[in-house]
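Hi there,

Here is the structure I promised to pass on to you.

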Amino acid sequence: MEWLQTKWNKMKWRGKLMKCFKDGGIVKTVKHGSHRNEYYPIIHNIDIDLKKKNYRFVFTLKNGMNPELVLNNMWLFKQAFGENIELSGKYKRFILSVYSKGMPTKINYDFEKIEPCMEKALVPIVTGYDNQSVLNVLDLKELHHIMLTGSTGAGKSSLFRSMICSLIFNKTPDEIQFIMSDLKNSEFGIFRNIPHVKCIHMEQKPLLAELRAIETEMKRRSKLLDQYDVEHVTELEEKLPIIMIVIDEVFLLTDNDKIMKILTNISCLGRSASIHLILAMQRSAAKELGGQLLNNMNGRISGKQSNEVNAKIAGLKSSKDITIAGRMALSIDGEEKFIQVPFLDKKEAKKLLESYKIELVPDENNDIEVAVEPLENLIAPDIAQLPTIGGRCK
């Protein structure tokens with residue numbers, strides 16, 4: 001009988017989990033005179049999917065138990081349940097998911113399948129597929145900003161392409177505007193001549209001018225929120241575009257205090273103004289980046305990290321265990337899970353973007369080619385005088 005098999009399975013798996021607690025010393029010992037009482041985590045629930053052979057444990061720690069006893073024993077859970085597991089939780093309540101099959105090692109980008117998953121989010125950020133083949137789409141209206149880290153070959157470029165392309169395909173230029181910076185001149189060339197993309201900066205000086213304009217616009221929007229007593233710009237009658245600042249290798253900007261100060265201010269105040277940051281770097285350098293900016297990056301995504309120290313700085317301890325290209329650790333407010341990033345190579349991305357490109361119009365004053373009117377015209381009229389010296393707005 002199925003119910004009897006389920007009951008037997010639950011008893012068996014409960015026993016395996018209790019053995020993990022005992023083997024790992026995940027216990028609180030309380031002395032009462034000459035007696036010692038041992039308190040192990042309480043297993044509240046075990047869900048079993050017999051068809052897929054997946055298991056889900058919910059357990060809590062007794063008050064006073066150090067959660068690191070659980071978080072530092074992932075190796076023990078993997079020994080008992082195999083590699084295909086996920087552990088979520090921070091302080092008291094934990095969920096351990098055990099999957100019979102691992103997620104695919106490659107999932108090709110397909111916007112037709114992705115688009116329906118973006119509908120419920122105001123600022124939908126496509127990340128990747130989890131162990132249940134569910135596409136994780138983050139909403140920056142709630143999550144604010146994203147930090148993307150990982151060593152070379154981890155899949156960062158493919159994730160960048162799938163994130164940005166999906167937003168371009170999903171929204172009009174009136175709904176979202178990208179400000180991009182790539183000091184290495186290697187990532188964002190495919191997005192030139194697209195009306196959603198206002199500027200791609202390869203030098204610090206024009207980037208600083210652009211960020212100053214955005215900071216002024218952020219203050220203008222904040223005053224509007226206060227004036228009309230609302231919490232987010234979407235509640236205003238004036239329709240304002242999402243401003244997405246995307247910077248690759250932000251580490252190369254850390255010597256510029258003025259740029260870093262503006263980025264930190266945006267990380268603190270940008271969400272309600274619908275101004276968001278997506279920052280990326282190969283190696284996590286917390287001291288150079290600045291603790292406040294790093295702390296404000298609520299969404300963390302990391303590919304393979306070279307060592308435990310870098311993984312810890314990135315805010316994703318599990319990233320040190322990644323061995324597959326395109327496999328990344330995703331953390332939302334401290335809760336980690338693995339995802340497989342949709343694979344979108346540069347050649348395919350260029351093909352998909354071709355129909356969105358427009359002709360360039362030379363700027364007679366600055367000898368710069370621009371795809372559409374400048375960012376200043378789209379945001380605050382009082383900042384139109386700010387210079388765009390040397391910018392490459394394509």
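**What I found**

Cys165 is buried, because its relative accessibility is 0%; buried means under 20% relative accessible area, exposed means over 50%, and partly exposed lies in between (1.4 Å probe, protein chains only). Cys268, with a relative accessible area of 40%, is partly exposed. The structure holds zero disulfides, a disulfide being a pair of cysteine sulfur atoms within 2.5 Å.

Before you go further, please keep in mind that this is a predicted model, where local features need pLDDT of at least 70, side-chain atom pairs count only at pLDDT 80 or more, and totals for chains, interfaces and linings use all residues. Residues are numbered from 1 along each chain as its sequence is written, and side-chain values use heavy atoms, with hydrogens and water left out.

Next, find Val98, which belongs to strand S6 (residues 93-98). Helices (H or I, at least four residues) and strands (E, at least two) are DSSP runs, numbered from the N terminus. Is Val98 buried or exposed? Val98 is buried, since its relative accessibility is 3%. Leaving aside residues up to four places away in sequence, Val98 touches Lys53, Asn54, Tyr55, Phe57, Phe81, Asn84 and Ile85, where contact means heavy atoms within 4.5 Å. Take Asn54: 44 residues separate Asn54 from Val98 in sequence, yet their C-alpha atoms are 5.7 Å apart in space.

Two serines are also worth a look. Most residues other than glycine have a negative phi. Ser133 has a positive phi of about 60 degrees although it is not a glycine, and Ser274 also has a positive phi of about 60 degrees. Ser133 sits in the loop between strand S8 (124-129) and strand S9 (135-139), and is exposed because its relative accessible area is 56%. Ser274 lies in the loop between helix H8 (257-269) and strand S14 (275-281), and counts as buried because its relative accessibility is 2%.

Finally, turn to H8 itself. Its 13 residues should span 18 Å at 1.5 Å a residue, and this agrees with its end C-alpha atoms, which are 18 Å apart; the expected span is 1.5 Å times one less than the number of residues. Among the buried residues of H8 are Ile259, Ile262, Leu263 and Ile266. At the start of H8, a side-chain oxygen of Asn256 comes within 3.2 Å of the backbone nitrogen of Lys258.

Enjoy exploring, and write back with any questions!

Notes. Polar contact = N/O pair within 3.5 Å; in protein donor to acceptor, adjacent residues only side chain to side chain.
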